[in-house]
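Visitor: I'm new to this one. Can you walk me through it?

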Amino acid sequence: MALQLRFKHGVEEHRDADDLRLVDQRGRTLQLTAPSQPLVTMLRRLGEGGGTLLSLMQGMSSLAPFFTLQQLEQRGWLALELVSGEKSLVTLEPQSTVLERCYPPAGAVSIRWSRLIQITPETDGVLLEGPLQGTRLLLQHAGLLPLIWELADPSDWIDTVRGLPQEFQELRNDLLMLLLTAGVAGVVEADGTPSCDHQANQQRWSREDLSLHHRSRDGWADRNLGATFPGAVRGPAPPLLHQGSSLDAVRLPRPEPDAPDPGFFSVLEQRRSHRRPGRQPPTLQQLGQLLWASLRIREVVPAKPGMAHSYEGASRPVACGGGMQEIDTYLLIQRCDGVASGVYRYDPQGHQLLRLDALNNACEQLLQNACHATGAEQSPDVLFQFAARYGRLSWKYEGIVYALILKHVGGIMQQLYLVATALNLAPCSIGSGHSELFARATSLDPWTDACVGELMLSSYSEGD
């Protein structure tokens with residue numbers, strides 16, 4: 001039994017003259033310029049099933065391949081496996097672009113499963129996932145199933161391993177490293193909770209909300225998202241409306257477009273999603289009007305004054321449960337007359353843009369992702385990113401926190417759509433986004449500021 005490394009599933013090698021290009025299932029590319037023969041040999045070994053560190057480095061006269069191996073692992077290109085002979089017993093496969101091994105402290109330790117763990121039966125084993133850890137840990141040996149019961153409560157790791165088959169006892173340290181690295185288990189802290197839950201507990205994330213956030217966003221999970229049409233293999237799409245209804249109907253009058261132009265009902269009728277930027281960029285005046293009419297704080301209102309659970313609420317042009325206003329707006333500005341390109345946070349009380357950074361590499365990737373997700377031919381002039389301060393909302397509410405966040409984001413998007421239409425701008429919301437890239441683009445903690453929505457904005461194209 002040994003710990004081995006190999007390329008994770010879906011990694012392909014492409015030759016380009018003397019260069020080598022690696023491409024994974026998500027389209028991520030790693031370009032190796034004129035790699036040395038020892039490096040090519042090591043990459044071939046990784047692609048042919050991998051091996052232990054010693055076997056991968058066998059015959060190498062230079063440490064350069066070793067350092068490349070480390071970088072590949074840390075950037076999420078490699079899977080880590082415990083194997084016995086030709087059989088894989090445990091596999092950790094990264095889904096994120098970062099992987100950092102986590103080792104327990106020296107001496108005896110008590111281990112416990114995360115309260116956020118998701119356990120899913122798969123055809124080749126039992127899959128364990130810890131939300132926002134960006135890894136999949138697959139148990140492929142029935143001898144490991146007692147762990148599911150034993151680690152439900154804090155358990156001494158040495159005592160726990162004694163109940164496993166002998167082959168796992170020999171590499172108990174590597175097995176524990178995989179559990180901790182995957183974030184499915186943690187070292188028990190003084191209050192009885194595992195270390196892997198510390199950040200989620202600080203923000204009072206519920207398991208249900210974090211699971212929904214994890215599974216409906218890109219960045220920490222490698223699964224199908226978006227328009228994949230899984231139901232098409234079973235039959236045609238269900239009808240848009242209820243069929244065969246015999247209920248009595250009351251016809252409602254239709255409002256006439258009001259004046260002056262643009263009238264409210266005219267704006268409603270004209271609202272569309274636009275994916276093609278116009279020739280001229282939006283102006284600072286337009287952007288200011290859009291944010292003023294959509295997201296500014298109109299009034300700060302103390303809620304429950306004089307009571308133990310009093311708090312500061314606020315009113316905006318858009319509705320918000322309890323006036324909590326947990327949604328912050330970030331703008332990736334590529335083209336706007338009067339504003340330098342960069343990433344900004346909108347200050348809704350001062351009605352101003354606070355510049356966070358230039359358009360860094362993560363910003364450029366977010367802009368390209370927006371273009372790809374909507375089928376647009378070029379990236380938007382401005383990309384709105386909405387981040388929820390989960391901890392503020394979870395302070396007041398339980399059980400409905402993430403549902404409220406999504407409702408609030410929907411209200412904000414509709415408001416932006418209508419105001420942008422009235423200003424002759426071109427809005428287009430996006431079905432999902434990349435949480436990890438947003439965290440990198442803004443240097444925000446994803447546990448504290450969770451990215452939950454995106455909307456593109458450009459000048460209006462006469463061809464639309």
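Predicted model: local features only at pLDDT ≥ 70, side-chain atom pairs only at ≥ 80, totals over all residues.

Visitor: Start with helices. How do α1 and α3 cross, and at what angle?

Guide: Helix α1 covers residues 37-47 and helix α3 covers residues 64-74; their axes come within 9 Å and cross at roughly 40°. That angle makes α1 oblique to α3. The crossing of α1 past α3 is right-handed.

Visitor: Which residues of α1 and α3 make the contact?

Guide: On α1 they are P38, L39, M42, L43 and L46. On α3 they are P65, T68, L69 and L72.

Visitor: And by class, what is in that contact of α1 with α3?

Guide: Eight nonpolar residues, one polar and no charged ones.

Visitor: Changing topic. How many aromatic pairs does a search of the whole structure find?

Guide: The search finds six. One of them is W205 with Y402: the ring centres are 6.3 Å apart and the planes are at 45°, so this pair is tilted.

Visitor: Where do W205 and Y402 lie?

Guide: W205 is in the loop between α8 (198-202) and α9 (207-215), while Y402 belongs to helix α14 (residues 401-422). The pair therefore ties together parts that are 197 residues apart in sequence.

Visitor: Are W205 and Y402 buried or exposed?

Guide: Both W205 and Y402 are buried.

Visitor: What about Y330 and F438, what kind of pair do they form?

Guide: Y330 and F438 are edge-to-face, with 5.5 Å centre to centre and 75° between the planes. Y330 sits in strand β15 (residues 327-333) and F438 in helix α15 (residues 435-442), so this pair ties together parts 108 residues apart in sequence. Y330 and F438 are both buried.

Visitor: Back to W205 and Y402. Which cluster do ring pairs link them into?

Guide: A cluster of W205, Y390 and Y402.

Visitor: You mentioned α9 and α14 there. At what angle do those two pack?

Guide: At about 45°, and the axes of α9 and α14 are 8 Å apart. This makes α9 oblique to α14.

Visitor: Which residues of α9 and α14 meet?

Guide: D209, L212 and H213 from α9 meet V401, Y402 and L406 from α14.

Technical notes. Residues numbered from 1 in each chain as written. Heavy atoms only, no water. Axes fitted to C-alpha atoms, helices over the stretch in contact; angles between N-to-C directions. Helix = DSSP H or I, 4+ residues; strand = E, 2+ residues; numbered from the N terminus. Parallel < 35°, antiparallel > 145°, perpendicular 65-115°, else oblique. Left-handed = near helix turned anticlockwise from the far one by under 90°. Contact = heavy atoms within 4.5 Å. Nonpolar A, V, L, I, M, F, W, Y, C, P; charged D, E, K, R; others polar. Phe/Tyr/Trp six-rings, centres within 6.5 Å; stacked < 30°, edge-to-face > 60°. Buried < 20%, exposed > 50% of the residue type's maximum accessible area, 1.4 Å probe, protein only.
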